[in-house]
Amino acid sequence: MAKRKGGDFKDVITGAYAWQGPALILGVGMLNGEAVSGAVISLPLKTINRHGLIAGATGTGKTKTLQHIAGELSRNGVPSIVMDIKGDLSGIAAPGESSDAATKRARALGRAFTPEAFPVEFLSLSDEPGVRLRATVSEFGPLLMARLLDLNDTQTGVLAAIFKYCDDKGLLLLDLKDLKKILDFASGEGKAEFSSDYGAVSGASAGTILRKIVALEQQGAEIFFGEASFDVQDLLRTDSNGRGIVSVVRLTDIQSKPALFSTFMLQLLAEVYERLPEIGDPEKPKLAIFIDEAHLVFNSATQALQEQIEMIVRLIRSKGVGVVFCTQSPTDVPAAVLAQLGFKVQHALRAFTAKDRKAIKSAAENFPESEYYQVDALLNEMGIGEALVTGLGEKGRPTPLAHTLLAPPASRMGPLTEAELNKIVQASALAKKYSAALDRESAYEMLNKKVAGFGKAPPAERKPAARGRVEKSTLEKVAESKVVRDVGKAVAKELTRGILGVFGIGGRRRR
């Protein structure tokens, strides 16, 4: 709903959304429910690393917006990684189909609709076809693992000592069974050895950590920890035409395993932050990370884990990496994270209850004021494929709020067939690289051998003879033994008594 009919609307929009550098085209501005031809809404590529939000009720088109943005980034040579929770993003690997709606929207943008398939790599956390994603326990480190398990300070200290012991002793922590074994060892058979240098591990602390690891395993996390560990550099690739490769993580079975999703996302963000160099604000991002159904990350995350994600999101910008959260409501994202997001694409919110109406009013307050729109009313009135857009200009200034008719994806809006998907996976060099799981000798096997050795007495060491002396023979050593000497004395005594008795000299005999 418009607050007033602004005759200068097109001039305001075209002036505010004109950029000198490369830009990501989102759609065309709307006023009074109609698209204003030529009022192109776009975001400068250099600000995509300031992160973003795509929000909206179910069925309003937010997933297709994500698909369009990922395609636009690929076209501009920017690789991305996309979380495909619902299984409908695989179509980005196939060209779209021309339709009257797509043609009409493209015409409003001043260009023709051209179907296009983008280079895609399929990744998987499970046994589904695709590049297997794994990470080792060591790569998480004690602090990140403690955040994941929601440990208190004492338990975090225990975990830090466990990691230090393994580093010092050359014990590899690859999977969760390694971590469980060293906890059992430090509080059991190896308690004396461990406590001498690293402090005692109480059975209560070890038991608590073990129970939390088991709870994580029940969510399927054991399939994520191990080797071969995925190298994040494989996410930063382009094809032979210079287009960024879109890495689609297939997560259709992950909604019942939110802890696994949180584990993967935390490790991915931490690994990207650690491995990539500082580059500040480049002309275009090195990588974009799209987190679809972001509420799955935050709803299952502990407070400590949320704080960790907030810190990484704040710092990862300087690595040239943009993180885009896609969810139903802005309130699904913690306020501290929401404050870090530079652009917002807000699809319609539906008001069916008084609570919904309050949520819409609250969401409207997150947008800049506009002389053209009554934001809270418009949030409930927008149609499919429409959104309120605001972002950051090239100098970091917020852009005016724009009701936008979004451009359609150039790729297919439906999923690939099973045959199409398998064909892409079979041709993937990365799928072959990470297909086989490795099971090197690690802490689990090494500690089992060590514990088995505790039951065997060590062989006696042979001491060297003193300098200048000849080593005594075995017979001499036996003769000098105290036991042998005592036995010899007793035998000699009895022999003496017998001999004296023969000569009548012995003592009084018992009758």
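Mentor: On a 1 Å grid over the protein atoms alone, a cavity is a set of points where a 1.4 Å probe fits but cannot get out, whereas a pocket is an open set with protein on both sides within 12 Å along at least five of seven lines; lining residues have an atom within 4 Å of a point. A volume is the space filled by probe spheres set on the points, which are joined across faces, edges and corners. This is a predicted model, in which local features need pLDDT of at least 70 and side-chain atom pairs count only at pLDDT 80 or more, while totals for chains, interfaces and linings use all residues. Residues are numbered from 1 along each chain as its sequence is written, and side-chain values use heavy atoms, with hydrogens and water left out.

Trainee: How many cavities of 30 Å³ or more does the search find, and which residues are closest to the centre of the largest cavity?

Mentor: The search of the whole structure gives 2 such cavities, and the largest cavity holds about 110 Å³ of space. Its lining has 14 residues, and Leu-133, Phe-230, Phe-264, Gln-267 and Leu-268 are the closest to its centre. Helix 9 (residues 258-275) supplies the largest share of this lining, 4 residues; helices (H or I, at least four residues) and strands (E, at least two) are DSSP runs numbered from the N terminus. The lining of the largest cavity divides into 10 nonpolar, 2 polar and 2 charged residues, where Ala, Val, Leu, Ile, Met, Phe, Trp, Tyr, Cys and Pro count as nonpolar, Asp, Glu, Lys and Arg as charged, and the others, Gly among them, as polar. The second largest cavity has a volume of about 30 Å³, and its lining includes Leu-53, Pro-330 and Phe-367.

Trainee: What is the volume of the largest pocket, and which residues are closest to its centre?

Mentor: The largest pocket holds about 370 Å³ of space. It is lined by 24 residues, and Thr-60, Gly-61, Lys-62, Lys-64 and Ile-384 are the closest to its centre. The elements that give two or more residues to this lining are helix 2 (62-75) and helix 3 (100-108), and the largest share, 4 residues, comes from helix 2. By class, the lining of the largest pocket has 8 nonpolar, 10 polar and 6 charged residues.

Trainee: How many aromatic pairs are found in the whole structure?

Mentor: A pair of aromatic rings is described by the distance of the centres and the angle of the planes. Rings of Phe, Tyr and Trp (its six-membered ring) pair if their centres lie within 6.5 Å, and planes under 30 degrees apart count as stacked, over 60 as edge-to-face and the rest as tilted. The search finds 14 aromatic pairs. In one of them, Phe-140 and Phe-225 are 5.1 Å apart centre to centre with 50° between the planes, a tilted pair. Phe-140 lies in helix 4 (residues 137-149) and Phe-225 in the loop between helix 8 (203-218) and strand 7 (246-250), 85 residues apart.

Trainee: Are Phe-140 and Phe-225 buried or exposed?

Mentor: With a relative accessible area of 5%, Phe-140 is buried, and Phe-225 is buried at 4%; buried means under 20% relative accessible area, exposed over 50%, partly exposed in between (1.4 Å probe, protein chains only). Ring pairs also link Phe-140, Phe-224, Phe-225 and Phe-264 into a cluster.
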